[in-house]
Amino acid sequence: MLALFFAVPAWADTHTVKVVEYRFEPSSLRIKTGDTVRWLNAEKRTSHSVRFPGLGGLESDRFFPDETWSMRFEQPGRHDYHCGPH
């Protein structure tokens, strides 16, 4: 399970997390409230999703190789996530 941690608010940024060999890289990330995280599927043949059990089971649509999915984080705190199908 991977997590996002929040730091002191400032200018909003976009951070990229790659899905490589069924892993999220980087495996953890510290972001600010208002930042966006973009997940990039860097696999060759497999679709993935991003699922947040602590956010009511919110899950992205599956995204395929070279596709991305993004989410802006407005709530501070730790947000654990994993790939829905894997």
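The legends below describe close-up views of salt bridges and aromatic pairs in a predicted model.

Residues are numbered from 1 along each chain as its sequence is written, and side-chain values use heavy atoms, with hydrogens and water left out. Because the model is predicted, local features need pLDDT of at least 70 and side-chain atom pairs count only at pLDDT 80 or more, while totals for chains, interfaces and linings use all residues.

**View A. R23 and its two salt-bridge partners, E21 and E25.** A salt bridge is a side-chain nitrogen of Lys or Arg within 4 Å of a carboxyl oxygen of Asp or Glu. Between R23 and E21 the N to O distance is 3.5 Å. For R23 and E25, the closest N and O atoms are 2.8 Å apart. R23 is partly exposed because its relative accessibility is 43%. E21 has a relative accessible area of 54%, so E21 is exposed. E25, at 33% relative accessibility, therefore counts as partly exposed.

**View B. The salt bridge of R78 with D80.** The closest N and O atoms of this pair are 2.9 Å apart. R78 counts as exposed because its relative accessibility is 52%. D80 has a relative accessible area of 24%, so D80 is partly exposed.

**View C. A network of salt bridges.** The residues linked here are D13, K32 and D35. The structure as a whole holds 7 salt bridges.

**View D. The aromatic pair of F52 and F73.** Rings of Phe, Tyr and Trp (its six-membered ring) pair if their centres lie within 6.5 Å; planes under 30 degrees apart count as stacked, over 60 as edge-to-face and the rest as tilted. By this rule there are 7 aromatic pairs. F52 and F73 are both buried.

**View E. A cluster of aromatic rings.** Ring pairs join F24, W39, F52, W69, F73 and Y81 in this cluster.

Notes:
Buried means under 20% relative accessible area, exposed over 50%, partly exposed in between (1.4 Å probe, protein chains only).
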